[in-house]
Amino acid sequence: DVYKRQPLTDGAWESFGPHRVTALALEKLAELQQGGHPWLLRVSFIAPHTPVIAPPPFDRLYDPAAFLEGGESEETACLSTYEQHVAEVQESDALTPAQVARARATYYGLMSAVDQEVGHLLDQVPEDTIVLFTADHGTMLGELGRWQKQIFHYQVHRVPFILRAPGLTPGRRAASMDLLDTGPTLLARCGVPIPEGFRGQDVLA
């Protein structure tokens, strides 16, 4: 059973949003594979996102003590007036170091829970399927006294762009890219001409 990789203590898993998304995606995936036609399935996990509530056992997977240091001492003078105002609105100064550490540890636990769901889904995806894993934005976890996505720090605008495709050699790219490149890159992998005027580019060209 692909849902039993981690033991659960109180049944919270069944109400965990990403778990329900995975279950629905697996149903749709099985249906699409029976059709005998090319298919596209977009699976969107809202998590990790606020409210940061990780299901057990992921809520205690990471030790908050490991997150007591990091980010608070970064220079804030380069931030805009707006970005400095964000911290005031969020009342970040009211949080103790222990509360910041707990929030970070729980967020990491939530990411690991979602990661497991992605693994469950990939277990059922044929090897010759094109798969892209990405996100719409990153987040601040108390660095510079800021939280969530309201500022333009690199931790907010850097996101994963992990592509698996037949014939693609494993590796990493150091060049800058944009989520606008998603369409052209996927179209090229499918052998579909990129429409004229289409924004973005095939990052593997």
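The exposed residues Leu-24, Glu-27 and Glu-31 sit on the face of helix H1 that is turned away from its buried side. Helix H1 covers residues 17–33 of the predicted model. Its 17 residues span 24 Å between the first and the last C-alpha, close to the 24 Å expected at 1.5 Å a residue. The buried residues of H1 are Pro-18, His-19, Thr-22, Ala-25, Leu-26, Leu-29 and Leu-32. Viewed down the helix axis, these buried residues fall within an arc of 140°, so they line one face of H1. The partner of that buried set is helix H3 (97–122), against which the buried residues of H1 pack.

The largest nonpolar core consists of nine residues. Its members are Phe-16, Phe-45, Ala-47, Ala-54, Phe-58, Leu-110, Ala-113, Val-114 and Val-118. For Phe-45, the contacts beyond residues up to four places away in sequence are with Pro-18, Val-21, Thr-22, Val-114, Glu-117 and Val-118. Two of these partners, Pro-18 and Thr-22, are among the buried residues of H1, while Val-114 and Val-118 belong to the largest core along with Phe-45. Another core, of six residues, lies apart from the largest one and includes Leu-79, Leu-144, Ile-151 and Val-156.

At the level of the whole chain, five helices and four strands are present. Along the sequence, these elements follow the pattern α-α-α-β-β-β-α-β-α. The protein chain has 205 residues, of which 31% count as buried. Its accessible surface comes to about 13,400 Å², and carbon and sulfur atoms account for 55% of that area. Of the contacts between residues at least 6 apart in sequence, 70% join residues at least 24 apart.

The average pLDDT of the protein chain is 86, and 90% of the residues score at least 70. Over residues 1–10, however, the pLDDT is below 50. Where pLDDT is low, the predicted coordinates should not be read in detail. Among the elements, the highest mean pLDDT, 96, belongs to strand S1 (residues 131–134), and the lowest, 80, to helix H2 (residues 81–90).

Key:
Residues numbered from 1 in each chain as written. Predicted model: local features only at pLDDT ≥ 70, side-chain atom pairs only at ≥ 80, totals over all residues. Heavy atoms only, no water. pLDDT = per-residue confidence, 0-100. Helix = DSSP H or I, 4+ residues; strand = E, 2+ residues; numbered from the N terminus. Contact = heavy atoms within 4.5 Å. Core = buried A, V, L, I, M, F, W, Y, C linked by side-chain atoms within 4.5 Å. Buried < 20%, exposed > 50% of the residue type's maximum accessible area, 1.4 Å probe, protein only. Areas by Shrake-Rupley, 256 points an atom, 1.4 Å probe, with all protein chains shown as cover. Expected span 1.5 Å × (residues − 1). Arc of directions from axis to C-beta.
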